[in-house]
Amino acid sequence: MLNRLSPPPTHPLTNIALPTPTVQRLPNGARLHLLANDAQPVLRLQVVLPAGKRQEPLPGLSQLTARMLTEGTATRTARQVADMVAFYGASLDCEAGPDRATLTLYCLARHLPTLLPLVAEVLAAPTFPAEEMRQLQTRISQNMRVERQKISYRASEEMNRQLFGEDSAYGKPFDEAAFNQLTTDDLRAFHAAAYAPAGAELFLSGDVLAHGPEVAATLGQWQPVAGAAPVAPAPPAAAPAAAPANVLTVPVEGSIQASLRVGRRWPALTEAQTPELLLLVKILGGYFGSRLMRNIREDKGFTYGIQASVVARERAASLVIGTDVNGESAAATRREIDFELARLQTEPLGDDELETVKNYTLGKLLGETTTVFEQADRYRYVLLQGLRPDYYTELVRRTQAATAEELLTLARTYLSPSDMLTIVAGGAAS
């Protein structure tokens, strides 16, 4: 008989077992990665290309090109593309990030043969109709004007500009005037250069065993635009020549709230001490019981939430602490952040707190790898970030083995308050 007074036994997490994909090089140079799991009759196809902000020669070009892929092809109008995707209960979209553009299709496995030619046409033969482009430019510009009225957006924008420089892809703010000057010729030229199969990584996950050969055959026929020169990626974001002022304000008219961002450049995920550094950031502000949450939310009542996280891009990383507070509490909040940073540098962690954050970290990691799409996300992350194949195995092992002394040493190296830049948008800055 089940004894409901006794909790079930627990076992330490020893490994994160990600599936081993089947990798195939297609005749056109693209690589196809298959991660099969037939638990549900659904699949996801992602086409990832080096066509992000880092590769664009003109401001906003990568975003507009990606969004325009589904706005018309050689044989279908934007309406026909949308109607076909909707008829089969699928979703198809393309977005560009700092480093890459990603075209994503979700559908029932049985509908892939019908939708696959559409995906191939969207990739290889978009027409970039002028009227749809103008409408999209207007919508994106309007949305960006709304976003830039938010103090949280302004704080993050200024933090990236200061850490990476406004000439880099990671720090360049949105330029509405330049964005609205883009033409269909600009889009066609960027598409021809950046959307080439030789640079593509194709990730097919889910109920895919019967469809791998079909995807390989169809997308293997995708060819680059004749005569197009390959895109030249921008160089890595250089470190600022001189450290900026410790505190910078961003005036936001009429705002009584303040949005704080506190951060610095951070070691790349390929560095040897990454597992311990990620654990240290989790202790500082990476979960609900973190130091910053207990102090600034629970004790002081300055905010509903505060978080510290490592933002890892392919060519640079940063540590960012973020929160929104009443403008009158901004200075006090910054002092408490400094206090918690200094405390991690001077006081070793207690055994109970260290064990709690280890268990949380590993439990969350395990919970984020339960579905085949989540596993594919982890695999893709390792591949595109240039990490070791056993990255997650080592992350688990090193997290479990981390000691209070190791974390104290790392905090003294990387969490000095004097090395942190603070951005205050709104509130007292207005």
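**Exercise 1. In what order do the 5 strands of the open sheet run, and what is the pairing?**

Keep in mind that this is a predicted model.

Step 1: Walk across the sheet. The order reads β7-β11-β8-β10-β9, and the pairing is mixed.

Step 2: Look at the ends. From one strand to the next, the twist averages 20°.

Step 3: β7 pairs with strand β11 (residues 421-426) in the parallel sense, over 4 bridges. Within that pairing, Val250 has Ala425 of β11 as its bridge partner.

**Exercise 2. Work out which strands helix α5 and helix α11 touch, and how each helix is angled to β8.**

Step 1: Start with α5 (residues 151-164). This helix lies across β7, β8 (257-266), β10 and β11, and runs at about 25° to β8.

Step 2: Now take α11. It packs on the sheet by touching β8, β9, β10 and β11, with its direction about 30° from that of β8.

**Exercise 3. Find what Lys300 pairs with, and decide whether each partner is buried or partly exposed.**

Step 1: Find the pair. Lys300 and Glu336 form a salt bridge, at 3.6 Å from N to O.

Step 2: Lys300 sits in the loop between α10 (291-299) and β9, while Glu336 belongs to helix α11 (residues 330-346), so the bridge ties together parts 36 residues apart in sequence.

Step 3: Check accessibility. Lys300 has a relative accessible area of 32%, so it is partly exposed. Glu336 comes in at 18%, and buried means under 20%, so Glu336 counts as buried.

**Exercise 4. Trace the salt bridge between Glu314 and Arg100, then name the network around it.**

Step 1: Get the distance. The two side chains meet at 2.6 Å, N to O.

Step 2: Locate the ends. Glu314 is in the loop between β9 (306-312) and β10 (317-326), and Arg100 is in the loop between β4 and β5 (101-108); the pair links parts of the chain 214 residues apart. Glu314 is partly exposed, at 23% relative accessible area.

Step 3: Follow the shared partners. Salt bridges join Arg54, Asp99, Arg100 and Glu314 into one network.

**Exercise 5. Say which elements the Arg67 to Glu95 salt bridge connects.**

Step 1: The closest N and O atoms of Arg67 and Glu95 are 4.0 Å apart.

Step 2: Arg67 lies in helix α1 (residues 61-68) and Glu95 in strand β4 (residues 91-96), so parts 28 residues apart in sequence are tied together.

Step 3: Arg67 is partly exposed at 28%, and Glu95 is partly exposed at 41%.

Key. Residues numbered from 1 in each chain as written. Predicted model: local features only at pLDDT ≥ 70, side-chain atom pairs only at ≥ 80, totals over all residues. Heavy atoms only, no water. Helix = DSSP H or I, 4+ residues; strand = E, 2+ residues; numbered from the N terminus. Buried < 20%, exposed > 50% of the residue type's maximum accessible area, 1.4 Å probe, protein only. Pairing = 2+ DSSP bridges. Axes fitted to C-alpha atoms, helices over the stretch in contact; angles between N-to-C directions. Contact = heavy atoms within 4.5 Å.
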